[in-house]
Amino acid sequence: MGIKIFTGDDRVKIGEQVVRELGEGYEVFEGESLTRESLPSLFLGGSLFSVGERKILIKDFGENSEVWNDFAEKINDYLKTDSEIVIWETKIDKRLSSTKNIVKSGVEIIEFKLAPSIDMKAVFNIYDMALKDGMQAIRELEKIESAQDPYMFFGLMVSQALKKLEWRPRGIKEKRILKELAVVDMQMKSTAVEPWTLVKSFLLRLATI
């Protein structure tokens with residue numbers, strides 16, 4: 001048994017993971033309703049209505065800052081719990097001493113992030129631009145890079161290359177580009193090189209393939 005903390009903006013995945021961890025019929029406590037005095041009973045006490053270990057979900061505990069700080073200070077005591085406890089936080093501030101103390105104790109904090117959105121039109125424009133001027137394409141990519149996922153971006157470039165081959169099924173350049181994309185795909189899956197570095201390298205040489 002033990003304590004885990006889930007956080008992040010993908011609430012659907014967190015909800016699914018809560019069920020995987022706790023099963024059905026777990027107890028739910030709102031963080032704002034907790035008091036310092038209630039923590040020992042919650043974490044270390046049993047329940048008249050439970051058989052065996054308790055399964056507990058605590059939501060937005062960190063919003064109750066005073067009680068959360070008390071929990072963080074005494075975290076090593078609460079780790080002795082015989083219950084399975086998941087704490088669901090909307091956000092965790094890693095700069096706070098309370099968070100640092102929890103991390104130091106070894107409690108697992110798992111973040112569930114929504115997949116970044118991707119601008120398909122921007123990908124296609126950058127790909128077409130790279131066919132003529134790789135450096136200009138890289139400059140355009142760098143304007144949106146922080147908001148994109150490199151693997152999704154690469155996948156859309158492959159889609160664009162396949163479409164161009166459909167338009168020109170006998171195109172020699174189109175076939176060479178697809179072969180080169182296959183090589184980059186293997187590199188992204190098997191090397192430690194940053195994926196954006198591989199994408200930019202491909203864009204830079206695309207015009208000369």
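Okay, let's start with a side-chain pair: Glu140 and Lys143 meet in a salt bridge, 2.9 Å from N to O. By salt bridge I mean a side-chain nitrogen of Lys or Arg within 4 Å of a carboxyl oxygen of Asp or Glu. Before I go on, this is a predicted model, so local features need pLDDT of at least 70 and side-chain atom pairs count only at pLDDT 80 or more, while totals for chains, interfaces and linings use all residues. Residues are numbered from 1 along each chain as its sequence is written, and side-chain values use heavy atoms, with hydrogens and water left out.

Back to our pair. Glu140 and Lys143 sit 3 residues apart in helix H7 (residues 134-144), so about one helical turn separates them. Helices here are DSSP runs of H or I with at least four residues, strands are E runs of at least two, and both are numbered from the N terminus. Also on the salt-bridge side, Glu142, Glu145 and Lys200 are joined into one network by bridges that share partners.

How exposed are the two partners? Glu140 is partly exposed at 27% relative accessibility, and Lys143 is exposed at 61%. The cut-offs are under 20% relative accessible area for buried, over 50% for exposed, and partly exposed in between, with a 1.4 Å probe and protein chains only.

Now, which parts of the chain does Lys164 tie together with Asp128? Their closest N and O atoms are 3.0 Å apart in a salt bridge, and the pair links helix H8 (residues 150-167), which holds Lys164, to helix H6 (residues 120-130), which holds Asp128, 36 residues apart. Lys164 counts as buried, at 16%, and Asp128 as partly exposed, at 29%.

One more pair: Asp93 and Arg95 meet at 3.0 Å, N to O. Asp93 is partly exposed at 27%, whereas Arg95 is exposed at 69%. Over the whole structure, the search finds 13 salt bridges.

On to the sheet. It's open, with 5 strands in the order E2-E3-E4-E1-E5, and the pairing is parallel; two strands pair if DSSP finds at least two bridges between them. Strand E2 (27-30) and strand E5 (108-111) are at the edges with a single partner strand each, so one side of each has no neighbour in the sheet. E2 pairs with strand E3 (residues 55-59) over 4 bridges, and Val28 stands opposite Leu57 in E3.

That's my tour; happy to take questions.
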